[in-house]
Amino acid sequence: MKTEPDLKSRDFLWFSLAAAPILAIACLLPVYPNDYWWYLRLGGEILSGGSIPQVETWSATQAGEPVVYQAWLAALVFLGLDWAGGVPAVVLARGLSLGVFYASIFLASRRVGAGARLAAGLVVLAALVGSSNWGVRPQVFTYPLFGLALLILVSWHMGRYRWLWLLPFITLLWVNLHGSFPLVFLLASAALVSGTGDRRRLSAVLAVMVLAALLNPRGWGAWGYFWQMLSDPSVRRFSSEWKPAALVGWQSALFFAWLLAGIPLAAYSIRRLPPSYWLWWLGFGWLALSGVRNVIWFSALLAVLSAALLVPLLSGKPALNAHPTRARINYWIGSILLFLTFLFLPGVRERWWAQAPPPLSPDTPVQAVGWLETHPELKGRMWNDLTFSSYLIYALPEQPVWIDTRFEVYPPERWERYQEIAGAGQGWQERLVEEEIDLVVANREAQSALIGALQHAPGWCLRYEDSTTAIFSRSGPGSGCPEIVVGRQDSRLNP
Amino acid sequence: MDRLAREKTGSETKEIPETSQPAWFIPLLVLLLVFIMAARTPLDSDMWWHLRAGEATLQAGSPVLVDAFSTTRAGATWINHSWLAQAGMSLTHRLGGTIGLAALVASLAALSLGLVYLQMEGPPILRAFILVMAAAVAAPVWSPRPQLASLVLFGAVGYLLYLYKYRRKDRLWLLAPLFVLWSNLHGGYVLGLLLVGAMAAGETLNHLLGFGGQEVLSWKRILRLVAWGVAGALLVLINPNGLGMWAIPFQTLNVGALQSSIPEWASPDFHQISQQPFLWLLMAILGTAGASKRRMDGSDLVGVALFASLSFMARRNFGPFAMLAAPVLARQLAPLLHERWYEFALSIRRIFGNGLDHSVLSRPIPLKTARVINLTILSLLAIAAVGKLSLVARPEFVEQASRDLYPVGAIGWLGENHPSGPIFNAYDWGGYLLWMLDEYPVFVDGRTDLFGGELLHSYMRAAAGQAGWEAVLSRYTINLVLMQASSGLVKKLEREPDWVKAYSDSMAVVFVRRQSMHSRETFDALSGFDLSQERARTGRWVSQGSRPDEGIGLYEVRGIDNISRREVIDLIGDTTDPVGRPGGRWMAN
């Protein structure tokens, strides 16, 4: 029986081959404690209060100060996922988000003319370069939005306007999910200025996008938030993900190599790309080099631009393969591959994998916080490790934190002081006295010096320790220290 | 006469004058601007030890090849790759002082970019624009150091390669003296070898990709280039360090501590506006490569990729990258602009039609008038250059600027009081300390290749007051510490009873080990120190003073009634005699 060439099924198969390891890794990656937990608390407060908090209440140090939560919708989504299925549901949502993101990149690469194999290879490369940005945070919901916007605008360049109307909806979702929504305007306005599609249509859509971006609790203020985050001194100085990309490690080496490969690709490809593509390259390249958190957007663009430039260099034969493929088999194989990735989900993998990795990153202080909950007598003001802060905010709401991962909430002086104490720098004891700290929740890895100093400091007792956490409290005058509780940090426990 | 105009005519002999502007005007103008840009206060943490080594070389009449400036590497072989540049710097300093040094820096910066200008294509105004862009990229590395000689020689090698490839003039034999000179001026000779290698690789790429054209070197000419490159690599051995010169690039690269802690060896930080021009230049090349109809040459491609990678690894490579990238950008941009400018001009004409008085706009200025105007502009710029130089490099200004960068007060105190060493000093201040005080060989200074990764790591750990700092100070029997007031070590020492804070200001702190205070000088120095801090720290009412009487130390410890002699001894660190001399005695108040 003669079968017809079927590009769709071949595309699906190749995409599945690329996406399966990506999704498997996304399922296996633990939930890092940095931001996720405080979003759960935010979601809860929005639901219970019926409004988005505008005053800081979680920290002892900035209490009463105004606070902005641009990612309020992401907080609610996280909360909903948590209610629906806990950490496995959240991990699944991350996998799906990444799946849509990389599928969009694949389709955009195909749209610019790349073969399925080339597109799949570029998707894998983009995943390798951008995987450091896969944390469970609101950004993860915006990746598919970016991918879809990119696909729509690439299609627009080729005279396909069918899905253009989606852009305002993407904007509407994005502005409420995360503060990085101006990126969709960067994509669209570069296309408008120098793209090859129908500019009149895009102008109209862009105008609606501007209006859609106003449909958020802060209206125009959302734009101000974006610029504030870009220029906030605390964020720029102390947040590692906002620091410029440096040539350290294989992932950044791959990123820089791909970046530089753009020059020969541009120089030797006989294809001349529209200037808008280069505007994207320059704009997002600048963003990626200015802050590692932006590498993932750029990796998507690099994939699509590389695809466009590589097509004429690699195409020795027509894009349509003359060999017929069995569509049904392709779909089956692809589906099975994708389905298999779900076996790596937490909650599923434990059923067949005795040594399955835990769903939570080991530096989530589940046991330690559980112990603190059972010791309400330790009520004094708490100094805490930054990494632990998000989980403390979530799991110990009655105990305000000293600092947390909302970098913009705290002034630079607070961060400097945090570093002084965390490193047991000069005057750390005086600092703790000035701050009226009675309780220290320290990270054994990040604050080994502080833990060592506290163990020898008079007036402090080590109360609890496990493999990641050490908790100290002040001892009363003349009183000794109670016995140390040694915990067993086991992040398999689902909080 | 512009080269593009000649090419457009299709003939070398038929020339169309495009402008009444003399050909030398724009290059001179832009190089004067570069000179003004590079005329700065001659201060750099490495400059001082280069000057010191240069002085030693001039005095001895031969290069300093054994370390005599540090306690940690004293007597060790020092591959002093910059001995000739150091002697030149010292001579300049002797003859022209700080103004002479600043003039040298500005001249070398202008010269290096002048050599780049010669390699560029396109209208002079385009070349000037790109050159200014390159200057903005390279500017952070313009400092009074032998590194600047490397930039000039990099430009010279680049120019020879340009002549070889694009003008078909074989002057490659000049590489031989250039590399000999380079290996005596600075260890950066490897940049020149990389440049030669990049061109050889790029030309090979041209052949592999099947690119033809007059500008692509034949295999024979590539081999010739490689042969001269190999000769250059061998000729760098003609220097007082011999084979050691080959080790320099590897020694420096292997010092991992450099990248993490020394800014010029770190990856670029694009949050800093001063480092963004590198990004703009790189992106301009990428943008023009994508937009230009002229295919990028293999040599340009390999060169840009190589030097951009080096710049991503360490920002000190911005200079060579800028010098290589500027001609590449010009080659790409010139035909692109020509085409686009033509379209732009046409569209303007379409829009404004007869509204423009073309006869007025295109009327040439008489040559004589143009020359007068040009000379006036250049003269004014030259005056501005001299003015800036004399302003920012005059000794009193340098002295004032030094106070913001170096521990002038602390070193003055050391010079007056002469406490016993060895000294543990801040890395950035090692050179200045060497220059200012002969008597204190440093713990560490900017000669990273001499000190090596292990020692630098030890230094960094101790300087930060990290675990093991005591062992580092003990291992080198350190009795004196000169560090930034904000350093971790200072914070540790403040809490150590064995150390006395003998001097402090907002920038620097000097600590003296108690056990070392046996000399009268040290103790005398300490006696002038306000012990109120000690009193506050110990909770005791203690003060002390000294009256040196012809070699006999007389020391008073007030409040002796309330403090045991043992505690006094603990405080000032002695057993029987606070100064270790006969005659020292205790007196109760």
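These questions and answers walk through a predicted model with chains A and B.

In this predicted model, local features need pLDDT of at least 70, side-chain atom pairs count only at pLDDT 80 or more, and totals for chains, interfaces and linings use all residues. Residues are numbered from 1 along each chain as its sequence is written, while chains are lettered from A and ligands numbered from 1 in the order in which they are written.

Visitor: How many helices and strands are there in chain A?
Guide: Helices (H or I, at least four residues) and strands (E, at least two) are DSSP runs, numbered from the N terminus. On that basis chain A has 19 helices and five strands.

Visitor: What radius of gyration does chain A have?
Guide: The radius is taken over C-alpha atoms, and the globule rule is 2.2 Å times the number of residues to the power 0.38. For 495 residues, a compact globule would be near 23 Å. Chain A agrees with that, at 25 Å.

Visitor: Is strand E2 of chain A mostly covered or mostly open?
Guide: A residue is buried if 20 or more other C-beta atoms lie within 10 Å of its own, exposed if 12 or fewer, and partly exposed in between; C-beta atoms are placed from the backbone. In E2 (residues 437-443), six of the seven residues are buried. The strand is mostly covered.

Visitor: Which residue in E4(A) is the bridge partner of A:Val440?
Guide: Two strands pair if DSSP finds at least two bridges between them. E2(A) pairs with E4 (residues 469-474) in the antiparallel sense over five bridges. With E1 (residues 381-384), E2(A) pairs in the parallel sense over four bridges. In E4(A), the partner of A:Val440 is A:Phe472.

Visitor: How many residues does the contact take from chain B?
Guide: Two residues are in contact if their C-beta atoms, placed from the backbone, lie within 7 Å. Chain A gives 23 residues to the contact between the chains, and chain B gives 25 residues.
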